[in-house]
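The exercises below concern charged side-chain pairs and helix packing in one model. Work each task before reading its solution.

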Amino acid sequence: LMQKLSDRFFSRFGLTDVQFNILMILKEHGSAGMSQQDLSEHLIVTKSNVVGLIDRLERSGYVLRMSHPSDRRFNQIVLSTKGGKLQSKIEKLYFGEVDKMMNELTASQKTAVIQAMEKIRKYIGNNGL
């Protein structure tokens, strides 16, 4: 149900949740950007999946592929001005929706969710997923 809600939210902007995640990651890395390899490792998806995602974002004008300064075989992916504007717009709306959803929980329920997610994060970290 959460995935369906997410799909519906991001489809209003012509994106998927993964594409939005890429925009968020690139925002964090600023003008230095990230290589496609680093993005695939960060997202825990195959390099070929990242290539397709970047292709679509680039066609929409949201990201740019820049030649790596020291190795022209690699591209650095950077957020375009258009992509930065879209990311900022969506981020505000997205976190507003998350706030609405989380406000449905009591303080103790929020604590329980955080504790459960920490256990999952620890499991993933320990098992190299």
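The structure holds five salt bridges, a salt bridge being a side-chain nitrogen of Lys or Arg within 4 Å of a carboxyl oxygen of Asp or Glu. The model is predicted, so local features need pLDDT of at least 70 and side-chain atom pairs count only at pLDDT 80 or more, while totals for chains, interfaces and linings use all residues. Residues are numbered from 1 along each chain as its sequence is written, and side-chain values use heavy atoms, with hydrogens and water left out.

**Exercise 1.** Describe the salt bridge of Arg65 with Asp55.

Step 1. The closest N and O atoms of Arg65 and Asp55 are 2.7 Å apart.
Step 2. This pair links distant parts of the chain: Arg65 is in strand S2 (residues 63-67) and Asp55 in helix H4 (residues 47-59), ten residues apart. Helices (H or I, at least four residues) and strands (E, at least two) are DSSP runs, numbered from the N terminus.
Step 3. Arg65 is partly exposed, at a relative accessible area of 22%, and Asp55 is partly exposed at 26%. Here buried means under 20% relative accessible area, exposed over 50%, and partly exposed in between (1.4 Å probe, protein chains only).

**Exercise 2.** Characterise the packing of helix H1 (residues 2-11) and H5.

Step 1. The helices pack at an angle of about 150°, with their axes 12 Å apart. Axes are lines fitted to C-alpha atoms, for helices over the stretch in contact, and angles run from 0 to 180 degrees between N-to-C directions.
Step 2. H1 is therefore roughly antiparallel to H5, the cut-off for that class being over 145 degrees.
Step 3. Met2, Phe9 and Phe10 of H1 make the contact with Ile90, Leu93, Tyr94, Glu97 and Met101 of H5, where contact means heavy atoms within 4.5 Å.

Conventions. Parallel < 35°, antiparallel > 145°, perpendicular 65-115°, else oblique.
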